[in-house]
Amino acid sequence: MSVLVGKAGGENVVVRGARVIDPSEGIDAILDVRVDGGVIAALGDVESNGHRIVDGEGLTLAPAFVDPHVHLRTPGREDEETIASGTTAAAAGGYCAILAMPNTDPVVDSTDLLRGLRARALEEAAVPVGFAAAITVGQAGTQLTEMGELADAGAAAFTDDGRPVATAGLMRRALEYNAITDRPLALHCEEPSLTRGGHMHMGTVSAELGLGGWPSLGESLCVARELALAGDTGQPIHLMHLSARESIEHLRAAQAGGVRASAEVTPHHLCLTDEAVRSLDPNLKMNPPLGGPDDRAALVDAVRDGTIAAIATDHAPHSREEKDVPFEAAPFGVTGLETAFAALYTHLVRSGLLSLETLLERMSAGPASSFGLERPRIAVGAPANLVLLNLDATWRVREDRFRSLSANSWLLGKRLHGKVMTTIAAGRIAFQA
Amino acid sequence: MTDLHVLPGDLLPPVEPPRRHLLSVSDLSRADVERLLATARSFARSQERDTKKLPTLRGRLVLNLFFESSTRTSSSFELAAKRLSADTLSIKSAGSSVDKGESLRDTALTLSAYEPDVIVIRHPQIGAPQLVASVTQAHVVNAGDGKHQHPTQALLDLYAIHAELGRLEGLHVAIVGDVLHSRVARSLLQALQLVGARTTLVGPPPLVPRELGESSHDIGAIRDADVVYVLRMQRERMLEGANYVPSLREYTARWGVTPDRLRPGQRVMHPGPMNRGVEIDPRVADSDAALVVDQVRAGLVVRMAVLYDLLTTGPVLVEAAMEVA
């Protein structure tokens, strides 16, 4: 069973004259790409065969993106996001697949709920979506979910995202037991006794603002614990939304020692530091919080050298009334699906910190392989999962333009370079600008 | 490692917040501070007359929005507005629509219908004045937001120190006690740095963030200072079970400001309300060295100066305004 569900597509289309880049396939050339019945059928100078033509001249065609960390807020908060709105936003962001987190209301911890979501996604989803299930019942941190049954019912991963697995003993048991499934265990690393009362990264800025500080150790202590348990049990883990330099140091050492650990980082942690919080804009409040300049530099380095293979948005929609409050009262979380590529292209690639190839790799092949999903690729015989980008276009992020039902973006009003023109997901045109 | 100490320009917050509000001491330049203090001194002279009311802000509306208990600050803002002939409306959260669950944004929008010229806000949550400033046309003055800022307190403290010692630059001020939870300390530190005074923070390690500058955990460090500024132990802002200090008894024994820990000639300040017998010995609080009442008096004229400064073009008009009176 595929863990991804969505509409099957059988598009016949030719993308003409784009610069085609697929770093994993070693392709970087001006090529035509022909898709027959949703499958890539020919590369090079191709006949149009009466197919629909998409003009790619001056544009860049790459494997579409994969986001392993999205909050679709369904069930429970359909006013903030639905399967339809969230996947439509994903399509507009260039994504051909996303994974939805289980910290909904109720929590996705039963096969009935999971099957219901998958059935709805088959009807509603604009791009294929996979649903992660919880590690513990109700994410309460005491009783393991029926991981075997949930995996059989199509759980894409297991995670208690939003909170850590409470104790080392329970985490160890989850790792041991999860050996019966082939699904990744994705971990939110946080030591609550250190992060309690924290609203932002602990450092000079928090001291000056008087906001409760969240020390780097609040993440890295738990990262060290999970890596030690993964090493001890020999089981793989995936570390979510890393934000601290110390976490990267632990991860790098563990990987070198043979621990099977993958990791992800968000666009906001790669683009911003805690300096930005001085504005007290509630859209700069997220969990984990924005780190200091050293943290940001370590994250960029880790993305560059592959220690972190995946960029994940942690798209976390919040209603206007939840975020239109003083910073200290605001909930954690920002949206990201529709701005991720442009934000990273603008602030990492154009500023020379990261190559375009590496960015494309970390937004597509990296997350796919971290979660055992089929890697989107530009090769004859592969399903068409393609994104057409205009790297020269600039656009302004506007609240009224989001496909997401929520607009709690850290980029409101900002001008960005790089625009998604077309997204083809699972052989179907999911988005056209 | 990549050097990323410089952020891309358009991701940084605005370099200079709009000067139309007083949300933080960081909104002010040294020149602003000196101008405000000079204006306050002019107003102090006007307050020595029999008729203390000036017509300067006649017809203006000052809205006081207090979501947290306050005696000194709310009364002095109200009186400052009245002495300048402005109309005042004072809303306290208890007994208002806030009790019925109205959001701060809605409260601010509702009261904006009266077109206030200035909104003075005190709120327990950091960022509340910024939120109000973003939804109204009024000038917003932060009268204290959580542990963040209380800029008019810092200005009145500078005023009181200057009135007593005749200068600010080069003075040494020791700030003693619960710095971590203190918006007064954060504002005052910035203000003292702005005018070229030296500061030392003194108190228990968990309550003195090392990022904020020169500090000591030894109460003996206050002996070098010209001014000893005593902070209140803010028990209401402390997380339960956080154990910042093992007990108030141990705090008082180690860091309480007592007569024997002071040297003759030192001045002692406290923003109030005081916990007598905890952070300050009653004999110190009631001594001639204590400037506590001077601070309250300074609060009135400094807040008059702030309201005046926000609503007029500048300090040059002060003397003229007083002539009319």
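This is a predicted model: local features need pLDDT of at least 70, side-chain atom pairs count only at pLDDT 80 or more; totals for chains, interfaces and linings use all residues.

Student: Why are H5(B) and H6(B) called oblique?

Tutor: Look at the angle between the axes. Angles of 65 to 115 degrees count as roughly perpendicular, and those under 35 degrees as roughly parallel. H5 (residues 151–165) and H6 (residues 183–194) of chain B pack at about 55 degrees. Therefore the pair is oblique. The axes lie 8 Å apart.

Student: Is the crossing of H5(B) and H6(B) left-handed or right-handed?

Tutor: The crossing is right-handed.

Student: Which residues of H5(B) and H6(B) meet?

Tutor: From H5(B), they are Pro151(B), Gln153(B), Ala154(B), Leu155(B), Asp157(B) and Leu158(B). From H6(B), they are Val184(B), Ser187(B), Leu188(B) and Ala191(B). By class, this contact has seven nonpolar residues, two polar and one charged.

Student: Now the domains. Which stretches make up each domain of chain B?

Tutor: Domain 1 is assigned residues 12–150 + 299–319, and domain 2 has 152–296. Their centres, taken over C-alpha atoms, are 25 Å apart. Each side of the contact is then counted: 22 residues come from domain 1 of chain B and 22 residues from domain 2 of chain B.

Student: Which element gives the most to the domain 1 side in chain B?

Tutor: That is H1(B), with five residues. Elements giving two or more residues to that side are helix H1 (30–46), strand E4 (139–145) and helix H9 (292–311) of chain B.

Student: How many residues of each class does that side have?

Tutor: The domain 1 side facing domain 2 in chain B has 10 nonpolar, seven polar and five charged residues.

Conventions. Residues are numbered from 1 along each chain as its sequence is written. Chains are lettered from A and ligands numbered from 1 in the order in which they are written. Domain bounds come from an automatic or database domain assignment. Two residues are in contact if their C-beta atoms, placed from the backbone, lie within 7 Å. Helices (H or I, at least four residues) and strands (E, at least two) are DSSP runs, numbered from the N terminus. Ala, Val, Leu, Ile, Met, Phe, Trp, Tyr, Cys and Pro count as nonpolar, Asp, Glu, Lys and Arg as charged, and the others, Gly among them, as polar. Axes are lines fitted to C-alpha atoms, for helices over the stretch in contact, and angles run from 0 to 180 degrees between N-to-C directions. Angles under 35 degrees count as roughly parallel, over 145 as roughly antiparallel, 65 to 115 as roughly perpendicular and the rest as oblique. A crossing is left-handed if the near helix is turned anticlockwise from the far one by less than a right angle, and right-handed if clockwise.
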